[in-house]
Amino acid sequence: MRTTSMILAAALFAASVAVLPAYALDIRELPIAKAPEACPHEGPGFTRVVPGGPCMRISGRVRAEAGTPVHARPGAGLDGAARGVVSASGRVAIDTRTQTDYGPARAYIRLGTSH
């Protein structure tokens with residue numbers, strides 16, 4: 001039953017692909033994206049994505065650790081096989097700054113995980 005449904009799905013996919021017309025993409029017609037401008041007055045790493053918009057910096061880190069296998073003590077596991085130590089953590093921070101009529105405004109958020 002499973003083989004029959006896989007063959008039927010492959011046949012339907014092939015038939016749908018054969019019906020669709022193919023179009024060529026002309027690269028010259030694509031819009032050119034502007035690079036974000038730097039905000040050196042806010043500090044290193046800040047860029048302005050939208051012209052006239054706020055300056056923002058996205059930063060973070062990732063950490064991963066792996067240990068050598070350690071034999072389980074007797075009775076610790078059902079199979080008594082070697083165990084290893086693996087852990088990971090990460091963090092991302094977004095800092096946004098802009099000038100207002102009342103002075104500078106700042107929004108900061110940091111999300112992270114630990115082991």
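User: What do buried, partly exposed and exposed mean?

Analyst: Buried is under 20% relative accessible area, exposed is over 50%, and partly exposed is in between (1.4 Å probe, protein chains only). Ile 94 has a relative accessible area of 31%, so this residue is partly exposed. Lys 34, at 78% relative accessibility, counts as exposed.

User: Before we go on, what kind of model is this?

Analyst: A predicted one: local features need pLDDT of at least 70, side-chain atom pairs count only at pLDDT 80 or more, and totals for chains, interfaces and linings use all residues. Residues are numbered from 1 along each chain as its sequence is written, and side-chain values use heavy atoms, leaving out hydrogens and water.

User: Where does Lys 34 lie?

Analyst: Let's settle the names of the elements. Helices (H or I, at least four residues) and strands (E, at least two) are DSSP runs, numbered from the N terminus. Lys 34 sits in the loop between α1 (2–19) and β1. Its C-alpha atom is separated by 9.7 Å from that of Val 50, 16 residues apart along the chain.

User: How many disulfides are there?

Analyst: A disulfide is a pair of cysteine sulfur atoms within 2.5 Å. By this rule there is 1 disulfide. It joins Cys 39 to Cys 55, with 2.1 Å from S to S. The link connects distant parts of the chain, 16 residues apart: Cys 39 is in the loop between β1 (37–38) and β2 (47–48), and Cys 55 is in strand β3 (residues 55–66). The angle about the S-S bond is -80°, and the link is left-handed.

User: Are those two cysteines buried or exposed?

Analyst: Cys 39 and Cys 55 are both buried.

User: Which strands pair with β6?

Analyst: Two strands pair if DSSP finds at least two bridges between them. Strand β6 (residues 86–100) runs antiparallel to β3, and 12 bridges join them. Here Glu 65 has Ser 87 in β6 as its bridge partner. β6 also pairs with strand β7 (residues 103–113), again in the antiparallel sense, over 11 bridges. In that pairing, Thr 98 is partnered with Ala 105 of β7. A hairpin of 2 residues joins β6 to β7.

User: How do side chains sit along a strand?

Analyst: In a regular strand they alternate between the two faces of the sheet. As for the residue we began with, Ile 94 lies in strand β6.
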